[in-house]
Structures are given as structure tokens and as C-alpha cells.
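Please keep the sequence and the structure in view while reading.

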Amino acid sequence: MADRATFLIGRRRYESSFGAVGLDLDLLAGPRAFVPFAEAHGEAAGPWYDDEVCEAGALVDVDAKVLLVFAWEGVFASTRTRAAACELLRLAWPGWRVRWLYDGQRGLRAYVGAEPCTYRSRATDSPVLEPGDPELAEPDPSVLVVTVGGRCHVLAMLGDHPVDEGPALLERLAGEPARAGYSGACEGGVHVDPRLRRVGWWHTTRQPGLAEVGERWPGWTVEFWEDRWAEHVRRAPVLDVREPDRVAALAEVRDAALARWAGARRDVRAAVRAAAPQALVGRGLAPPLPATHAAEAREAIIRAHTSTL
């Protein structure tokens, strides 16, 4: 299974079939380490990845000092570590304007004037999780919370955000048992007030169909809260997501980034060729990373973390 990522350095586009995993920690190394790492990937000449399947990406506009980023998973996705990761990211890119792309690759396309993807796949509805589901035992479960009035449901974060279902979401959840509440980490949520016909939703990842969400709720008032889960908690106290321990979260994200940049990385493409000389090796495999770049990255990560103290 691929984990597709797109990188743009200026207007040069690079792609990686497996680059989405770890992109969050790659970016925390700052521009001096990240830019050459991104440029070591294969430059893309053909069509873009479909917006629905591109899970992470970044655009580095060196002239304007703008960094645009989005990711499907990792330290940016969880409410437990997101604030700390965003703080360290801005400190690792001093003097840059850093912006999260809530619509994912669509935002990258828009910045460079490329046409948006017009194909919209319909993913399987995110299933409701039972209280004992193993996913809920994870420190950063890939889940989102839907509250309807005073009812609470926890759904697996699969495919499209459930707000994309429109009012059909209410019909689907009407037959599901409600939970007393939820207080763990999550990656998104929806609050529906049927009496006022109002919908509020948020997420920490990406939603390619963000601009069309309002159209899926005709006759309703729809508000997008970006990553502000406090708005959800204010309207639905059964969702009890609290601000994490800042110091502990900063140290955790720092340590994860330092582990990611612990040293040189092997050339995966060369390893595949050595193991299977007849194999067709595409552009999606990770390029090698020299020890000098890793050392530079560690310095930037430690410097950013020190600035938070």
C-alpha cells in the first residue's frame, strides 16, 4: 500500500510513493536539511497524484519564504502533539510564513495555479467504534468524534471526513448506540445541532473536498473550525479533549524528530536493485540521506526546541 506525498520546491514538483510516512518529522529539520532531501526525490513530469490519494505534501517557496504543509498522520495529526509540533515547525523555519493546508494537495495546486483534481471518489463510510476497540487503546488513535445534540459517537478515521456524508450521517448514526462521552486524542470531529440546523466540523489532517462540504448540507448552516477542537468542546461537553502538557509534548516531538534524523539513511533504490537486478525501480522510493544533512537537521531540531524553554 502506497503512502503518497508531493513536494514542491518553487515550481519543481517531486513525488514519493511512500513519502507521507515521516514527512511531519522530515519538515521539523528546517529548510537547510529538508530542501535537499526533497530535491533528491524523482522530479515529476506527468500528471499530479489524485488529490484523494495524496496523503501528505509540502511546498517550499524559497523566494517568498512560504512553507505550505499537510499530512494525514503523525505528530501534526493528533490533538495530543499537534500544538507542540506546529510550534517547533515554525521555530525550525525562522522568518518563514508557515501555513497548514486543510484541503491537502488542492492547496498546493492552487498556490502554483494548477487545475484542481475534479475526480471525487466516495470512500466507505467511517465505521463506528465500539468502546473496547483496540484502536482506542493507542496513545494517538486514528479516530474522530461526532456529536449529535447530546449524543456522542467515535468513528474510525478512514477515507473521507464523515461531514462529507451530509444529513445521511444522522440517519446512519441514529441506529448506533451512543457513548457517554470521549476524552482521548483524536483527529477531527463534527457537531450537529438538529434543532438549529447547524453543523460545525474540524480536523487536523486534510480534506480535499473541503470547499464542497456546505453543498452536502443544503438548508443547513455549516462552519469549518479548522483545527480548533475547543469549539467542538464548547458546544458538546461530552467531548472532553483537553490541552496537552506542553512541555511533555514538545519533548516527545523533539525526540521523535531526532530519531528520524539519527544518521545517514541508505539508498532504498540501490538496495532494491541489488536484491532484484531486473526490477523496475520507480521514483517513489526514498533517496539516500548523507550524514552531514542528518547532523544539520539535528542541530535545527535542538535549536528549535531550546527556543521554547
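## A loop residue

With a relative accessibility of 39%, glycine 46 counts as partly exposed, a class that lies between buried (under 20% relative accessible area) and exposed (over 50%), as found with a 1.4 Å probe on protein chains only. Glycine 46 sits in the loop that runs between helix 2 (31-39) and strand 3 (54-61), where helices (H or I, at least four residues) and strands (E, at least two) are DSSP runs numbered from the N terminus.

This is a predicted model, in which local features need pLDDT of at least 70 and side-chain atom pairs count only at pLDDT 80 or more, whereas totals for chains, interfaces and linings use all residues. Residues are numbered from 1 along each chain as its sequence is written, and side-chain values use heavy atoms, with hydrogens and water left out.

## The sheet and its helices

An open sheet with mixed pairing is built from five strands in the order 2-1-3-4-5, two strands being paired if DSSP finds at least two bridges between them. Strand 2 (12-16) and strand 5 (97-100) stand at the edges with a single partner strand each, so one side of each has no neighbour in the sheet. Within the sheet, strand 3 pairs with strand 4 (residues 66-71) in the antiparallel sense over six bridges, and alanine 58 has valine 69 in strand 4 as its bridge partner.

In helix 2, the residues Ala33, Phe34, Val35, Phe37 and Ala38 are buried. The buried residues of this helix pack against strand 1, strand 2, helix 1 (23-27), strand 3 and helix 9 (291-307), contact meaning heavy atoms within 4.5 Å.

## Charged pairs

Across the whole structure, a search finds 20 salt bridges, each defined as a side-chain nitrogen of Lys or Arg within 4 Å of a carboxyl oxygen of Asp or Glu. One of them joins glutamate 87 to arginine 246, with the closest N and O atoms 2.7 Å apart. Because glutamate 87 lies in helix 3 (residues 82-92) and arginine 246 in helix 7 (residues 246-260), the pair ties together parts that are 159 residues apart in sequence. Both partners are partly exposed, glutamate 87 with a relative accessible area of 25% and arginine 246 with one of 41%.

A further salt bridge brings together the side chains of aspartate 255 and arginine 254 (2.9 Å, N to O). Elsewhere, salt bridges with shared partners join Arg198, Glu223, Glu231, Arg234 and Arg235 into one network.
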